[in-house]
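Here is a short report on one protein chain. Look over the sequence and the fold, then read on.

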Amino acid sequence: MILKSGCAFKHYGPEETLVLTTSRLTKNDGVTPDPDLERIAIWNHWITGLAPPPKAVGGWYRKEINWEEFTRRYQEHLSTGAGKAATNFLYCLLEKRGPVTVLCVEDTPEHCHRSILLDYMKEKYPRIEIEC
């Protein structure tokens with residue numbers, strides 16, 4: 001099972017299973033619609049439970065929390081409630097559809113929740129292979 005990370009604004013082949021992991025289709029202010037995200041709509045699944053909690057995202061963007069605190073909050077989210085259900089669904093997709101690419105608006109996975117998500121999934125499900 002292969003789990004990959006990618007930017008939502010890049011091009012992917014029709015054979016790829018693409019999962020959008022953002023909570024909204026807006027700019028960073030959380031209000032203004034992002035026409036680029038609305039327009040592309042290339043993903044097969046939009047799993048909002050894989051998005052970080054809004055307070056963690058806002059705190060990170062406003063520099064109120066550091067990366068370690070953001071990571072802690074996101075990992076906590078992934079291990080409970082909607083986050084746990086979303087990671088279980090993502091695992092089912094991997095089993096049934098083959099390679100899956102998780103998408104976000106960030107160009108690279110460094111300091112993006114995708115890197116935390118991939119590490120979390122690898123730890124929870126050791127059979128997963130990670131490709132960046």
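## Terms and model

A nonpolar core is a set of buried Ala, Val, Leu, Ile, Met, Phe, Trp, Tyr and Cys residues joined through side-chain atoms within 4.5 Å. Buried means under 20% relative accessible area, exposed means over 50%, and partly exposed lies in between (1.4 Å probe, protein chains only).

This is a predicted model: local features need pLDDT of at least 70, side-chain atom pairs count only at pLDDT 80 or more, and totals for chains, interfaces and linings use all residues. Residues are numbered from 1 along each chain as its sequence is written, and side-chain values use heavy atoms, with hydrogens and water left out.

## Overall layout

The protein chain holds five helices and five strands. Helices (H or I, at least four residues) and strands (E, at least two) are DSSP runs, numbered from the N terminus. Along the sequence the pattern reads β-β-α-β-α-α-α-β-α-β.

Of the 132 residues of the protein chain, 42% count as buried. Contact means heavy atoms within 4.5 Å. Among contacts with a separation of 6 or more, 73% come from residues 24 or more positions apart.

## The sheet

Five strands form an open sheet in the order β3-β2-β4-β1-β5, with parallel pairing. The edge strands, β3 (45-46) and β5 (129-131), each pair on one side only. Two strands pair if DSSP finds at least two bridges between them. Two bridges join β2 (residues 17-20) to β3. There, H45 of β3 is the bridge partner of V19.

Strand β4 pairs with β1 through five bridges and with β2 through four bridges. K4 stands opposite T101 of β4, and T17 stands opposite V100 of β4. Five of the five residues of β4 are buried, so this strand is largely enclosed by the rest of the structure. In a regular strand the side chains alternate between the two faces of the sheet. In β4, buried V100, V102 and C104 lie on one side, and buried T101 and L103 on the other.

## Helices on the sheet

Helix α4 (residues 81-97) lies across β1 (2-7), β2, β3 and β4 (100-104), running at about 140° to β4. Helix α5 (residues 113-124) also packs on the sheet, touching β1, β4 and β5, and its direction makes about 175° with that of β1. Axes are lines fitted to C-alpha atoms, for helices over the stretch in contact; angles run from 0 to 180 degrees between N-to-C directions.

Helix α2 has buried residues A56, V57, G58 and G59. Their cover includes α3. K63 follows α2 and has a positive phi, near 60°.

## Nonpolar cores

The largest nonpolar core has 25 residues. Those with the most contacts inside it are L3, V19, L50, L90, L117 and M121. The elements giving two or more residues to this core are α2 (54-61), α3 (67-78), α4, β4 and α5. Another core lies apart from it, with five residues, among them A8, L18, L20 and L103.

Beyond four places in sequence, V19 touches H45, I47, L50, L90, L93, V100, T101, V102 and L103.

## Cysteines

How many disulfides does the rule count? A disulfide is a pair of cysteine sulfur atoms within 2.5 Å, and the count comes to zero. The sulfur of C104 is 3.9 Å from the closest cysteine sulfur, in C112, too far for a bond. C104 is buried at 5% relative accessibility, while C92 is partly exposed, with a relative accessible area of 35%.
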